[in-house]
Amino acid sequence: MKKYCFVIDVAKCENCNNCFLSCKDEHCGNDWPGYSQAQPLHGHRWMNILTRERGAFPFVDVAYLPKPCGHCDDAPCLRAAADGAVHKRADGIVLIDPVKAKGRKTLVGACPYGVIWWNETLQLPQKCTFCAHLLDGGWHQPRCVQSCPTGALSILHATDEELAGIVQAEGLEVLDSGSTATRPRCYYKNLYRFTGDCIVGSVAATVGDITECVIGANVSLHEGSKSLGERVTDEFGDFKFDRLPTGVADYELTIAHGDRQATRLKVSKKESLSLGTIWIEEL
Ligand code: SF4
Ligand code: SF4
C-alpha cells in the first residue's frame, strides 16, 4: 500500500510564504465536508514557516523551516482522541474529524510539534489535512506543494519499503518530538541548517603595506583529539564549519598557510559563532 509523506528541503526554502498563502486560499472560507471546516483568516498557520538565524554580521546564515502536520504513524493527537475524533487513513493522512472533535480544545496540546490550532469561533481544533479532499478528487499534490516555486516542498507516495530506501539514500530526517513517540511522515533534507550549529570566520594577513584576505589557508577544527573537519578558505578568506552539535563546546581551531607558523585558537561556543576576521602572521 502506498502512503503519502512530505519531503521538505530546508536549504531550498526562501520564506516566500506561497505555501502558507495557498493553504489560506484553499481553506479560509471553505468547508470541505468530511475533511475540515473553514480555517480562520487570522491566527492559524497550518503551514507554519519558522526562522533561524545563525552567526553574526557579516557572517549571517538564515534558514527557514516549513512545518505542517507530520501525519504521524504513531500520532499522539490520535492517541489523545480515543473516540475517533482524530483518525488516520490507510494512505497515511491524519485528519481531525470536524464533527467529532467539536469542543475538544485539549487536542491542541496533544501534538508535541505544536501544529494543531484552536478555532475559537467554531470551537474546533484544526490542522493541515494534506489537502486530502483534493487528492481524493484526483489531484497529485496538496496546494502548498503545488505553489512552492523553489522545489523546497514535495511529497512522496510510496510503500514503507520504498520510503525507507529513499530516507536512507537521501539522508532524510524528522523533527525531534522530545520524549514523545510520533514517527512523523514529514521528512526533511538539510535539516542541519535549522537544527545544527556553525562556526564561521575569515582569515586575513598583512603583506608589506597591504592587508589581504588569505585565500587557500587550511583551517581545521578539533574537539579534544577528535577532528571535526578541515576547510580551505575561499576567495574572500572565509571558512565555515557546519552541522556542529548544538550547545556548549570547546574547540581548537588551527590555521595553516604556506610558510607561516600555524595559528591556533581556543574557541568556546554556546551556539553558532562568528569569529570575525582572524589575523595571521605577516610575511
Ligand atoms: Fe498529530 Fe501533531 Fe503528528 Fe500531526 S504532527 S499527526 S497533529 S501529533
Ligand atoms: Fe519555502 Fe516553498 Fe513555502 Fe516558499 S512556498 S516559503 S520556498 S516552502
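These numbered points walk through a predicted model, from its ligands to its sheet, helix and rings.

1. Ground rules. In this predicted model, local features need pLDDT of at least 70 and side-chain atom pairs count only at pLDDT 80 or more, while totals for chains, interfaces and linings use all residues. Residues are numbered from 1 along each chain as its sequence is written, chains are lettered from A and ligands numbered from 1 in the order in which they are written, and side-chain values use heavy atoms, with hydrogens and water left out.

2. Ligand 1. Start with its shell. 13 residues surround ligand 1. A residue counts as near if one of its heavy atoms lies within 4 Å. C69, G70, C72, C77 and C111 are the closest. By class, the shell has ten nonpolar, two polar and one charged residues. Here Ala, Val, Leu, Ile, Met, Phe, Trp, Tyr, Cys and Pro count as nonpolar, Asp, Glu, Lys and Arg as charged, and the others, Gly among them, as polar.

3. Ligand 2. This ligand has 14 residues around it. C13, C16, N17, C19 and C148 come nearest. The shell splits into nine nonpolar, four polar and one charged residues.

4. Helix α1. This helix covers residues 18-27. Helices are DSSP runs of H or I with at least four residues, strands are runs of E with at least two, and both are numbered from the N terminus. Seven of the ten residues in α1 are buried. Buried means under 20% relative accessible area, exposed means over 50%, and partly exposed lies in between (1.4 Å probe, protein chains only). The buried residues are C19, F20, S22, C23, K24, E26 and H27. Their cover includes β2, α3, α4 (143-147) and β8 (153-158). After α1 comes G29, with a positive phi near 80 degrees.

5. The open sheet. Four strands run in the order β13-β12-β15-β16, with antiparallel pairing. Two strands pair if DSSP finds at least two bridges between them. β13 (226-232) and β16 (263-269) stand at the edges with a single partner strand each, so one side of each has no neighbour in the sheet. The twist averages 20 degrees from one strand to the next. Axes for such angles are lines fitted to C-alpha atoms, for helices over the stretch in contact, and angles run from 0 to 180 degrees between N-to-C directions.

6. Five bridges join β12 (residues 218-223) to β15 (residues 249-256). These two strands run antiparallel. S220 stands opposite T254 in β15.

7. T51. This residue is found in strand β2 (residues 48-56). Leaving aside neighbours within four places in sequence, T51 is in contact (heavy atoms within 4.5 Å) with V62, A63, Y64 and F194.

8. Aromatic pairs. The structure holds three. Rings of Phe, Tyr and Trp (its six-membered ring) pair if their centres lie within 6.5 Å; planes under 30 degrees apart count as stacked, over 60 as edge-to-face and the rest as tilted. F6 and F130 have ring centres 4.5 Å apart and planes at 40 degrees, so the pair is tilted. F6 lies in β1 (residues 3-9) and F130 in the loop between β7 (124-126) and α3 (132-136), so the pair ties together parts 124 residues apart in sequence. F6 is buried at 0% relative accessible area, and F130 is buried at 2%. F239 and F241 form an edge-to-face pair, 6.0 Å centre to centre with 65 degrees between the planes. Ring pairs also link Y4, F6 and F130 into a cluster.
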